[in-house]
Structure formats: C-alpha cells, structure tokens
Amino acid sequence: MSVFSFPNPLNEKAARVVAGVVALAGVAILATGARWLLVALAYGFWARVLTGPTLSPLGRLASGVIAPRLGPPTWVAAPPKRFAQGIGAVFTTSAAVLALGFGADTAADVLTGLLVVAATLESAFAVCLGCHAFALLMRAGVVPQETCERCANIWSQPHGSRP
C-alpha cells in the first residue's frame, strides 16, 4: 500500500473516534484560547486526507487500537469521509491562519465552533455533514458518479454494509 492512499471501505467506528477527539480538542481550544492547537488539528486533517491513517497519529490510534476494541467493523464508503476530512482541513487551516496570522480570533472561534458541531454530530450520532454534502454534490453532478457508485445513494443503504 502506498503512503498516499486512503482505505476503502473505511471502518466508521474509527472515523467516529477521530471525530470525538477532534470535537474535544475544539472545545478545549474554545475554552482555553489555545489557538495554536489549531495547527495540530489542521495537520491531522491534512494527513488523513492525503494518507488516511498512515501519517496521522490520531488516525493510527483510532483505526489500529481503539476501533478494534469497539467490536466488529462497521464498513462505509470512504470517498464521502475523505471529503469530510478535506472540509475539516480547510476549516482548521483557515481558523489557524485567521487566529495566528491575522489575530482574527473571533472568526477563528466561529470556524472552530462549526467544526465542534460537525465533529460532535459525527462522533455521537453518526451524522456526517461532509458526507451529506458529498451526496448532494454527486446528485448535482459536481462529483462524477464513477467517483463512488455506492456513494450516490449512500443514505438509502443498510448502515454498515460492506461496499
């Protein structure tokens, strides 16, 4: 397997663990004002977008250690999850640049707050906002059907069935 690959299918339990840690980190950033932590969050998102869990310490911990202890895998199509990681990368990178580069703490906090909401929905309720956006983009023809045939109708499929 190449360093720059993304697992497909993806264990949703690992994705939810990552989302839970991201949500907690986001809350910590908002509570303490430690906006430098946005750099670590941004790195994690970019690492997961580009390499899956390979270069993401959190991704490796979630997929290799924690998720296996949560029972059998729950398989989901990976392209929507990768897209969601990309949105997280853009949000955290933007928040870091706004806060650390321009002193725009309020704007950075708004982005961090949105990230906390999205990560909490994913972690606690298995509601992936990025995945929903991916499905809408597929329906609109922005993302080609061949990118992920299974993703075109992702929400009408049995949850956790292996692609």
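Colleague: At what angle do the axes of α1 and α3 cross?
Modeller: This is a predicted model, in which local features need pLDDT of at least 70 and side-chain atom pairs count only at pLDDT 80 or more, while totals for chains, interfaces and linings use all residues. Residues are numbered from 1 along each chain as its sequence is written, and side-chain values use heavy atoms, with hydrogens and water left out. The axes of α1 and α3 (lines fitted to C-alpha atoms over the stretch in contact, with angles from 0 to 180 degrees between N-to-C directions) come within 9 Å of each other. Their crossing angle is roughly 135°.

Colleague: How are α1 and α3 classed by orientation, and which residues of α3 make the contact?
Modeller: α1 and α3 are therefore oblique to each other, given that angles under 35 degrees count as roughly parallel, over 145 as roughly antiparallel, 65 to 115 as roughly perpendicular and the rest as oblique. The residues in contact (heavy atoms within 4.5 Å) divide into eight nonpolar, two polar and no charged, where Ala, Val, Leu, Ile, Met, Phe, Trp, Tyr, Cys and Pro are nonpolar, Asp, Glu, Lys and Arg charged, and the others, Gly among them, polar. On the α1 side stand Ala 14, Val 17, Val 18, Val 21 and Val 22. Facing them in α3 are Leu 58, Gly 59, Ala 62, Ser 63 and Ile 66.

Colleague: Is α1 roughly parallel or roughly antiparallel to α2?
Modeller: Val 18, Val 22, Ala 25, Gly 26 and Ile 29 of α1 meet Leu 37, Leu 38, Leu 41, Phe 45 and Arg 48 of α2, and by class this contact has eight nonpolar, one polar and one charged residues. The axes lie 10 Å apart and the packing angle is about 160°. That angle makes the relation of α1 to α2 roughly antiparallel.

Colleague: How far apart are the axes of α4 and α6?
Modeller: These helices pack at an angle of about 115°, and α4 and α6 are therefore roughly perpendicular. Pro 79, Pro 80, Lys 81, Phe 83, Ala 84 and Ile 87 of α4 touch Gly 130, Cys 131, Ala 133, Phe 134 and Leu 137 of α6, a set that divides into nine nonpolar, one polar and one charged. The separation of the axes of α4 and α6 is 8 Å.

Colleague: Where does Pro 9 lie?
Modeller: The peptide bond that joins Asn 8 and Pro 9 is cis, with omega about 5°. Pro 9 is found in the segment before β1.

Colleague: What is the phi of Ala 126?
Modeller: Ala 126 lies in the loop between α5 and α6. Although Ala 126 is not a glycine, its phi is positive, at about 60°.

Definitions and conventions
Helix = DSSP H or I, 4+ residues; strand = E, 2+ residues; numbered from the N terminus.
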